[in-house]
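I opened this notebook to keep a careful record of what I looked up in one protein model. The sequence and structure come just below.

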Amino acid sequence: MIFECPGAKIFKQPKPEGIICPCCGREAEIWTDEVRIACPGCKKPIIRQQGQSCLDWCKFAKDCVGE
């Protein structure tokens, strides 16, 4: 059996999510492996607030996800 970390799934299989621009209120699409995008309306940066992930503490993170 091959083990795959469930915490790494968002990096290996990213999915789109909706995020609201704090400047103009327009909804934008951001992928789960992205931290920053430009708003399609006002072109200002939208930065996703993220907590810690397995990449921050797991000693196998580089082997699991890559550099």
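The entries below go from the whole chain to single residues.

**Entry 1: ground rules.** I noted that this is a predicted model, in which local features need pLDDT of at least 70 and side-chain atom pairs count only at pLDDT 80 or more, while totals for chains, interfaces and linings use all residues. I also wrote down that residues are numbered from 1 along each chain as its sequence is written, and that side-chain values use heavy atoms, with hydrogens and water left out.

**Entry 2: the overall layout.** I looked up the helices (DSSP runs of H or I, at least four residues) and the strands (runs of E, at least two), both numbered from the N terminus, and found three helices and four strands. In sequence order they give the pattern α-β-β-β-β-α-α. The radius of gyration, taken over C-alpha atoms, is 15 Å, well over the 11 Å that the globule rule gives for 67 residues, so the protein is more spread out than a compact globule. That rule is 2.2 Å times the number of residues to the power 0.38. I then read the span of the C-alpha trace along its principal axes, which is about 45 × 20 × 15 Å.

**Entry 3: burial and charge.** I took buried as under 20% relative accessible area, exposed as over 50%, and partly exposed as in between, with a 1.4 Å probe and protein chains only. Buried residues make up 21% of the 67 residues. For charges I counted Lys and Arg as positive and Asp and Glu as negative, leaving out His and the chain ends; there are 10 positive and 9 negative side chains, and the centres of the two sets lie 4 Å apart. Each charge was placed at NZ of Lys, CZ of Arg, CG of Asp or CD of Glu.

**Entry 4: the cysteines.** Cys 42 is partly exposed, with a relative accessible area of 28%.

**Entry 5: two loop residues.** Is Thr 32 buried or exposed? Thr 32 sits in the loop between strand S2 (27–31) and strand S3 (36–38), and at 11% relative accessibility it counts as buried. Using contact in the sense of heavy atoms within 4.5 Å, and not counting residues up to four places away in sequence, I listed its partners as Ile 10, Pro 14, Lys 15, Glu 17, Arg 48 and Gln 50. Lys 43, in the loop between S3 and strand S4 (45–47), counts as exposed at 59%, and its phi is near 70°, a positive value in a residue other than glycine.

Entry 6: Lys 9 lies in helix H1 (residues 9–12) and is partly exposed at 43%; its C-alpha atom is 9.8 Å from that of Asp 33, 24 residues apart along the chain. Pro 16 belongs to strand S1 (residues 16–20) and is partly exposed at 42%. Leaving aside neighbours within four places in sequence, Pro 16 is in contact with Glu 29, Ile 30 and Trp 31, whereas the C-alpha atoms of Pro 16 and Ala 61 are separated by 23 Å.
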